[in-house]
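Open the structure in your viewer and keep the selection tool at hand. The stops below say what to select and what is there.

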Amino acid sequence: MGLLIQGGEMVFNAEAIHPIDFSKLITNIMTSTRTRIKDNNKEAFEQFFTDVPTALFMAGLFKTRRKKNIRILDAGAGMGVLGAAVVQEICSWKQPPTEIELIAYEIDIELIPSLQETYSVCHELCSECGIRFSSQIIQENFIHQSVSLLPLVKKSDQFDLAILNPPYKKVSNDSLENKLLLSMGIDVSNYYAAFVSLVLRWLVPKGEFVAITPRSFCNGQYFKNFRKDLINNTVINHFHLFESRSKVFTGEDVLQESVIYHAIRQRPRPNSLVTLTFSENHNISEIQTNQVTFNELVLPDDPLSIFRIVKDNDDNEIKTRMESLPSKLTDLKISLSTGPIVDFREPKDSLFKEHTYDTVPLIYPEHFSQGQGYVRWPRLNVKKYNALLPTEKNASRLRPDGNYVVVKRMTSKEEPRRVVAALYEKRNTLVAFENKINFYHNNGAGLDLIFAKGLSIYLNSTLVDRYFRQFSGNTQVNATDLRMIRYPSYIQLCRLGSTYDGQLPNQQVIDQLVDEICFHTNE
């Protein structure tokens, strides 16, 4: 199709139009398939289908333009939309190849007829362009097959281009897939990361891949090894971020932001430029563009190798401000932990809706007062519980009486903020924090009240929330991510804390206080 970006908008290359109405034919195949396949199959494989506009955009990211024979890999092909989009893109080249070979992996037998129909359209399109086209559908587990074949692979069996929308299922530690992946030196927690890592190994030197996956790999401890794999073995050229979770895969319940990324298998170049593009939804009708060096995308001294996707000058300013702050948690002599109480692992007779003289507060996210910045406990008509009975077994998981700053580990799609913090004030009793909460503490004990108030104000600032969104694209707020951001000094946080008594100030006042105390006054 020859998709181009001009002035922030997608335009069509008129020279690339063919008599076959490719998009209409493929869309018709998708529509008829959706009415036929069973939802339980989709849930089993945890794969969400790519629509035609997104597929065509992805195919337009490949750099290769001059090769006589092209081998394409589509891992987890679904209905074949991605592979077909690459075929159409190749047919638009000014110097098209003489032959295209497309290899597709798909284990869902219900999708095979649609896949065959899609490749029939590809064959017809290639025939019109004078290109020999062949396709092969492999109905095998891509992970099993790759681990078996890759150690013996010849260059003639490798691929020039790969495109994929892999399944999102988690890899269990005790699964056969995990054992096979570890044997290849691939240590990942999710199928999509496994697919991308294997696809990378299938490519010829300077071969290219384009993938659409959740954005969750960009940060967090679980995906550290996957990020290192990408950083050490590819040149990343392009990141495209969909800013709406709900509008990318229409009708699907996807809780994470999605990203498209294009990379080339070759030695990394730290100062190479990476194009960052942004759109609201899958129609990719309005695109905003930014460009950064790879060393700005992934900071060279970052031990976690987090991907930071900066949208514009405002985001650059936020990044600069955050990184200018003086303190890490170790400088403040405080720590951050995840709540150690997992309610379903506690005996039912130790959990209570109502607090009694022999129980301790059990704090959940639902105890956060809406927009007021403090923990409201106990709470009437609570969905979970208000109290926990101390026992010998759970004694080590209880915290001493004190002031703590707590942060939700998971926010809903409807909440405007990603980082939501609240102040828990001491109540002359031990306290239990449930696992859906992160809490700041001083060597396991509470914090000075004024300091805790200041920390709560800082965490609830727009500055922190927008900075956090630069590297986190899902609704989960990991303790690892909060540990790596920078903080004001102890004195600055105490000054912030001394500005309010009672409920948290409104957002405008919070942001003004953080700006004045942290960036425009001397300690």
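Predicted model: local features only at pLDDT ≥ 70, side-chain atom pairs only at ≥ 80, totals over all residues.

**Stop 1**

A search of the whole structure finds 13 salt bridges. For one of them, select D229 and R201, whose closest N and O atoms are 3.0 Å apart. Is D229 buried or exposed? D229 counts as buried, because its relative accessibility is 12% and the cut-off for buried is under 20%. R201, at 22%, counts as partly exposed.

**Stop 2: helix α11**

Next, select residues 313–324, which make up helix α11. Within this helix, show the side chains of R321 and E317. They form a salt bridge, with 3.5 Å between the closest N and O atoms. The two residues are 4 positions apart in α11, so about one helical turn separates them. R321 is partly exposed at 23% relative accessible area, and E317 is partly exposed at 43%.

D515 lies in helix α17 and R321 in helix α11, so the pair ties together parts that are 194 residues apart in sequence. D515 is partly exposed, with a relative accessibility of 24%. With E317 shown as well, you have a network of salt bridges linking E317, R321 and D515.

**Stop 3: K319**

Stay on α11 and select K319, which is found in this helix. K319 has a relative accessible area of 13% and is buried. Which residues does K319 touch, leaving aside those up to four places away in sequence? They are E296, L299, R308, V310, Y467 and Q470.

**Stop 4: helices α16 and α17**

Finally, select residues 490–497 for helix α16 and residues 507–519 for helix α17. The axes of these helices come within 10 Å and cross at roughly 145 degrees. The crossing of α16 with α17 is right-handed. To see the contact itself, show Q492, R495 and L496 on α16, then L513, V514, I517 and C518 on α17. The residues of this contact divide into 5 nonpolar, 1 polar and 1 charged.

Technical notes
Residues numbered from 1 in each chain as written. Heavy atoms only, no water. Axes fitted to C-alpha atoms, helices over the stretch in contact; angles between N-to-C directions. Left-handed = near helix turned anticlockwise from the far one by under 90°. Contact = heavy atoms within 4.5 Å. Nonpolar A, V, L, I, M, F, W, Y, C, P; charged D, E, K, R; others polar. Buried < 20%, exposed > 50% of the residue type's maximum accessible area, 1.4 Å probe, protein only. Salt bridge = Lys/Arg side-chain N within 4 Å of Asp/Glu carboxyl O.
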